[in-house]
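Visitor: Hello! I would like to learn how to read a structure like this one, feature by feature. Could you show it to me and walk me through?

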Amino acid sequence: MSNAYINAIKSRRSQYALGKDLPLPQEEVTLLIQEAIRLSPSSFNSQSSRAVILYGSQSDLFWGFVKEELRKIVPGDAFATTEAKIDSFAAGAGTVLFYEDQDVIAGLQKQFATYADNFPVWSEQASGIAQFSVWTALANAGIGASLQHYNPLPDAAVAAEWNLPASWKLRAQMPFGANKGGFGEKAFIDDEQRFRVFA
């Protein structure tokens with residue numbers, strides 16, 4: 001099958017060997033991330049997704065917050081491995097922090113009470129779509145990335161450092177940068193286990 005979108009998705013892979021250099025100017029990377037999120041669908045067109053885009057020392061600061069929180073809970077004899085992993089994320093050019101605005105969700109729950117229980121679920125779906133959109137857009141630009149979930153460990157420190165609204169809830173973190181490593185073959189389960197087609 002030859003399809004531009006499918007080919008774009010194929011280029012999206014987890015990259016854990018990141019470098020500081022980017023193939024595009026920082027301003028273009030920012031616009032790419034913003035446009036990918038802006039064009040991502042959300043229930044009732046709620047546009048509940050928010051993002052904080054950190055570069056250079058600001059990205060390093062974020063991963064420093066994560067490392068210090070992990071230091072409190074990871075046993076000392078195991079911390080070296082944890083520290084190396086966090087340092088690999090900080091080795092990138094930047095990090096996207098993905099948030100969902102809880103005020104938007106609460107407003108929809110009030111406005112459409114029949115669906116109130118669904119809006120938090122739909123918000124998570126919107127966040128996932130935004131994350132996937134950004135990840136694919138970065139991959140197509142030759143920028144490596146991976147998706148991480150260290151929330152809620154650094155949430156309070158991050159909100160205070162960058163003066164973020166209390167209604168923003170951190171959902172994921174995406175370190176990105178130059179591709180410094182290759183990609184292995186990706187394995188897939190058999191289609192018979194995954195799909196049912198009726199015609």
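Guide: Let's start with a term for the surface: a residue is buried under 20% relative accessible area, exposed over 50%, and partly exposed in between, with a 1.4 Å probe and only protein chains counted. This is a predicted model, so local features need pLDDT of at least 70 and side-chain atom pairs count only at pLDDT 80 or more, while totals for chains, interfaces and linings use all residues. Residues are numbered from 1 along each chain as its sequence is written, and side-chain values use heavy atoms, without hydrogens and water.

Visitor: Let me try the term. Is E124 buried, exposed or partly exposed?

Guide: E124 has 38% relative accessibility, so it counts as partly exposed. The side chain of E124 also meets that of R171 in a salt bridge, at 2.9 Å from N to O. A salt bridge here is a side-chain nitrogen of Lys or Arg within 4 Å of a carboxyl oxygen of Asp or Glu. This pair joins distant parts of the chain, with R171 in strand β5 (residues 168-179) and E124 in helix α6, 47 residues apart. The names come from DSSP runs numbered from the N terminus: helices are H or I with at least four residues, strands are E with at least two.

Visitor: How many salt bridges does a search of the whole structure find?

Guide: The search finds eight. The general idea is that side chains of opposite charge can pair when their charged atoms come close. One of the salt bridges is between the side chains of K67 and E83, 3.6 Å from N to O. K67 sits in helix α3 (residues 56-71) and E83 in helix α4 (residues 79-90), so this pair too links distant parts of the chain, 16 residues apart. K67 has a relative accessible area of 14%, which means that it is buried. E83, at 28%, is partly exposed.

Visitor: Which residues do salt bridges with shared partners join into one network?

Guide: K67, E83 and D87 are joined that way. Another salt bridge pairs K72 with E69, with their closest N and O atoms 3.1 Å apart. K72 is exposed, because its relative accessible area is 62%. E69 is partly exposed at 21%.

Visitor: Now the helices. How should I describe α3 and α4 together?

Guide: Two packed helices are described by the angle between their axes and the distance between the axes. An axis is a line fitted to C-alpha atoms, for helices over the stretch in contact, and angles run from 0 to 180 degrees between N-to-C directions. The axes of α3 and α4 come within 9 Å and cross at roughly 165°. That crossing makes α3 roughly antiparallel to α4. In this wording, angles under 35 degrees are roughly parallel, over 145 roughly antiparallel, 65 to 115 roughly perpendicular, and the rest oblique.

Visitor: At roughly what angle do the axes of α5 and α6 cross?

Guide: The axes of α5 (residues 102-111) and α6 cross at roughly 140° and come within 9 Å. The two helices are therefore oblique to each other. As for handedness, α5 passes α6 in a right-handed crossing, and α3 passes α4 in a right-handed crossing as well. A crossing is right-handed if the near helix is turned clockwise from the far one by less than a right angle, left-handed if anticlockwise.

Visitor: What about the backbone in the loops?

Guide: Most residues other than glycine have a negative phi, and most peptide bonds are trans. F44 has a positive phi of about 55° although it is not a glycine, and N45, also not a glycine, has a positive phi of about 50°. F44 lies in the loop between α2 and β2 (49-55), and N45 is found in that loop too. F44 is partly exposed at 41% relative accessibility, whereas N45 is exposed at 53%.

Visitor: Is the peptide bond from N151 to P152 cis or trans?

Guide: That bond is cis, with omega near 10°. P152 lies in the loop between β4 (143-145) and α7 (155-161).

Visitor: One more loop residue, please: where is L24?

Guide: L24 lies in the loop between β1 (18-19) and α2 (26-38). L24 has 27% relative accessibility, so it counts as partly exposed. From C-alpha to C-alpha, L24 and Q47 are 27 Å apart in space, and they are 23 residues apart in sequence.
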